[in-house]
Amino acid sequence: MTTPATKISIVAERFLLPQIERILEAEKVSGYSIFPGGGKGSHGLHPADGASLVREFSIVKLEAVMLDRTAAERIAEALARESFQRHTGIVWLESVEVVRAEKF
């Protein structure tokens, strides 16, 4: 049996991770995954397969699944307000179904 949940995906420069993690912890996110990333957007090209000149400016993708949609929306709003006004980053929410809801 599955349970409705919300997946929050965040793509940002690595140096923002401490700030992002603080926001997630404030909303009691039980866990998340971080993946190396890359791509092209309004801030230019971020190579996915090459080393960044400065590691902290490389792109990462962070994903978490939450049962509380309202908390996920608060995280997205906090990131937009606190992290992404002056720095590269994007956040989106998706409706998902999870197995073992007690893990979230």
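Buried means under 20% relative accessible area, exposed over 50% and partly exposed in between, with a 1.4 Å probe and protein chains only. The model is predicted: local features need pLDDT of at least 70 and side-chain atom pairs pLDDT 80 or more, while totals for chains, interfaces and linings use all residues. Residues are numbered from 1 along each chain as its sequence is written, and side-chain values use heavy atoms, with hydrogens and water left out.

**View 1. Overall chain.** The chain has two helices and six strands, in the order β-α-β-β-β-β-α-β from the N terminus. Helices (H or I, at least four residues) and strands (E, at least two) are DSSP runs, numbered from the N terminus. Of the 104 residues in the chain, 34% are buried. Among contacts (heavy atoms within 4.5 Å) between residues at least 6 apart in sequence, 82% join residues at least 24 apart.

**View 2. Helix 2 and its buried side.** Helix 2 comprises residues 69-82, and its end C-alpha atoms are 20 Å apart, which agrees with the 20 Å that its 14 residues should span at 1.5 Å a residue. That expected span is 1.5 Å times one less than the number of residues. The buried residues of helix 2 are A71, A72, I75, A76, A78 and L79. They cover an arc of only 165 degrees around the axis, so they lie on the same side of helix 2; the arc is that of the directions from the helix axis to the C-beta atoms. Their cover includes strand 1 (3-13), helix 1 (17-26), strand 5 (59-66) and strand 6 (89-98).

**View 3. N-terminal end of helix 2.** D68 caps this end, with a side-chain oxygen 3.1 Å from the backbone nitrogen of T70.

**View 4. S83 in its loop.** S83 lies in the loop between helix 2 and strand 6. Its relative accessibility is 1%, so S83 counts as buried. The side chains of S83 and Q19 are joined by a polar contact of 3.3 Å. A polar contact is a pair of N or O atoms within 3.5 Å; within protein, one must be able to donate a hydrogen and the other to accept it, and residues adjacent in sequence count only if both atoms are side-chain atoms. Leaving aside neighbours within four places in sequence, S83 is in contact with L16, Q19, I23 and A78.

**View 5. Largest nonpolar core.** This core has 19 residues, and those with the most contacts inside it are I10, I20, M66, I75 and L79. Strand 1, helix 1, strand 5 and helix 2 are the elements that give two or more residues to this core; helix 2 gives the most, with five. A nonpolar core is a set of buried Ala, Val, Leu, Ile, Met, Phe, Trp, Tyr and Cys residues joined through side-chain atoms within 4.5 Å.
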